[in-house]
Amino acid sequence: MTNEIKFADTVILMDAAYMDRVAGDLSKHFGEVVGRKLPKADLPLLLECLSLDGGIPLGENAIQVLFIYDKESKKMNAFQPADLEKELNNVAFKSQLGEFALYSFEPSDMATREELFLESLKVVADAKEVKRIIIVPSEEEYGEKVPAILNKVDGKEKMTVFGMNPPAEEGSYKWEMLGFGVLQSLGIKADEL
């Protein structure tokens, strides 16, 4: 990965299969709660929400988004855009937060999605040019391994881990609830709840 990408100040590292599963579950549940079929989640809006919750100020920021996926998760069912190979790789969009550059990575046959995610996290955490890291790991599969990596990291302004279940122990990073950004990206307004 380091040969392919020069990192930006801010990197969002996301497990696409986990993110898709969470958005799908929340869409189904909250669609019943609000009594209407919800649209697919707006992925650029979700990335903006995670960035704001991760402490990125409005302005001309350079934000890289690294999606880690496997053969089973090449296309996210709960999002628009959804295709990690055709729509979400080597593309960018601008917003009031700056430019988001999106890249998608699938592990080789020699590695798993978990191994690629954790190795990518180490590479990003070690990169001197990266000041802020936003991490969306798969909580159930390998989430408990993320704090061990982050607790060894020095020299970052901010590290934020998003999930659905608060960690048992505090670490050298900030934890945020993933569900809030997902609900926003699904178009659910607070007054509907």
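These are my notebook entries on a predicted model of one protein chain.

**Ground rules.** I number residues from 1 along each chain as its sequence is written, and side-chain values use heavy atoms, with hydrogens and water left out. Since this model is predicted, I take local features only at pLDDT of at least 70 and side-chain atom pairs only at pLDDT 80 or more, while totals for chains, interfaces and linings use all residues.

**Overall fold.** I looked up the secondary structure and found 6 helices and 9 strands (DSSP runs numbered from the N terminus, helices being H or I of at least four residues and strands E of at least two). The radius of gyration is 16 Å, close to the 16 Å of the globule rule for 193 residues, so the chain is as compact as a globular protein of that length (taken over C-alpha atoms; the rule is 2.2 Å times the number of residues to the power 0.38). Along the principal axes, the C-alpha atoms fill a box of roughly 45 × 35 × 35 Å. I find 51% of the 193 residues buried (under 20% relative accessible area; exposed is over 50%, partly exposed in between, with a 1.4 Å probe and protein chains only).

**Helix H2.** I checked residues 43-53, where the buried ones are Leu43, Leu46, Leu47, Glu48, Cys49, Leu50 and Ser51. At the start of H2, a side-chain oxygen of Asp42 comes to within 3.1 Å of the backbone nitrogen of Leu45. Just after H2, Gly55 has a positive phi of about 90°.

**Loop between E4 and E5.** Most residues other than glycine have a negative phi, and most peptide bonds are trans. I noted an exception to each here. Gln80 and Pro81 are joined by a cis peptide bond, with omega about -10°; Pro81 sits in the loop between strand E4 (79-80) and strand E5 (91-95). Asn90 is in the loop between E4 and E5 too, and has a positive phi of about 65° although it is not a glycine. At 60% relative accessibility, I count Asn90 as exposed.

**Largest pocket.** I recorded about 310 Å³ of space in the largest pocket. Its lining has 20 residues, and Gly143, Glu144, Pro147, Pro167 and Tyr173 lie nearest the centre. Helix H5 (146-150) and strand E8 (158-163) each supply at least two lining residues.

Terms used: Polar contact = N/O pair within 3.5 Å; in protein donor to acceptor, adjacent residues only side chain to side chain. 1 Å grid on protein atoms, 1.4 Å probe; cavity = no way out; pocket = protein on both sides within 12 Å on 5 of 7 lines; lining within 4 Å. Points joined across faces, edges and corners; volume = space filled by probe spheres on them.
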